[in-house]
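Here are a few friendly notes to read alongside the model. Take them one at a time, and find each residue as you go.

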Amino acid sequence: MALKELLKEKNISVYQCAKKSKVPYTTLADLVNGKTKLSKCTAETIYKLSKMLHVTMEELLERYAGKEEFLPYRSSFETFKSNVCHLLKEKGDMDFIADCLKGGEIRTYWNREWYPESFYLLAMIDYLSRENGLPICREYDDIRNCSLAEPVYPRDVRMAERLNPNLDRKQECMECAIPEFLKYNIVEGEIRNVY
């Protein structure tokens with residue numbers, strides 16, 4: 001579905017979308033008319049549009065770009081984690097869980113062999129389910145039997161190690177990691193404190 005069709009589906013004009021999203025009208029008009037590719041936009045533009053249209057950045061790039069742009073876009077894992085945490089903050093636990101399970105993104109990432117993203121979302125869903133006293137969704141039990149080969153540490157831990165090889169924060173991070181993430185070799189200690 002093209003961006004033009006998404007606007008029509010949401011019953012919003014290009015002008016209204018530009019005004020509400022704070023994306024310049026000419027930029028949005030060029031996107032809708034196919035003069036500019038969505039994949040060539042800045043992350044800020046894509047973020048503003050996705051927030052205004054109530055879709056994820058990934059959805060916007062994958063489903064609503066023109067057919068010529070349908071190739072999946074893969075951001076860095078740190079950017080992905082940040083986007084997921086911001087989305088959680090914006091939607092709240094229950095809506096996040098519902099939207100994620102309904103959207104099937106865990107399986108989509110798995111099928112693309114984007115394992116860190118798939119594991120991260122699954123860990124997030126399992127963690128939030130435990131925190132909210134919800135049953136675990138059994139649809140992903142096959143994925144739960146796997147994990148990443150090597151631990152993935154947060155960027156600040158990796159940077160600190162590069163700056164001072166004698167400083168080993170990895171063990172400390174492992175001890176503070178959320179169990180649902182650690183199960184997949186993702187060292188994540190904080191999902192809610194995002195700005």
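1. Let's start with Asn185, which counts as buried because its relative accessibility is 18% (buried means under 20% relative accessible area, with a 1.4 Å probe and protein chains only). This is a predicted model, in which local features need pLDDT of at least 70, side-chain atom pairs count only at pLDDT 80 or more, and totals for chains, interfaces and linings use all residues. Residues are numbered from 1 along each chain as its sequence is written, and side-chain values use heavy atoms, leaving out hydrogens and water.

2. Asn185 sits in the segment after helix 13 (179-182). Its side chain reaches the backbone oxygen of Leu148 at 2.9 Å. Leaving aside neighbours within four places in sequence, Asn185 is in contact (heavy atoms within 4.5 Å) with Leu148, Ala149, Glu150, Pro151 and Val152.

3. Now look at the largest nonpolar core, which has 30 residues. Such a core is a set of buried Ala, Val, Leu, Ile, Met, Phe, Trp, Tyr and Cys residues joined through side-chain atoms within 4.5 Å. Tyr120, Met124, Phe181 and Ile191 touch the most other members. Helix 9 (115-131) is among the helices that each supply at least two residues, and the largest share, nine residues, comes from helix 9.

4. What does Phe181 touch, not counting residues up to four places away in sequence? The list is Tyr120, Ala123, Met124, Tyr127, Ile186, Glu188 and Ile191.

5. Finally, find Glu59 in helix 5 (residues 57-63). Glu59 is buried, at 18% relative accessible area. The C-alpha atoms of Glu59 and Phe181 are separated by 24 Å, and the two residues are 122 residues apart along the chain.

How values were computed. Buried means under 20% relative accessible area, exposed over 50%, partly exposed in between (1.4 Å probe, protein chains only). Helices (H or I, at least four residues) and strands (E, at least two) are DSSP runs, numbered from the N terminus. A polar contact is a pair of N or O atoms within 3.5 Å; within protein, one must be able to donate a hydrogen and the other to accept it, and residues adjacent in sequence count only if both atoms are side-chain atoms.
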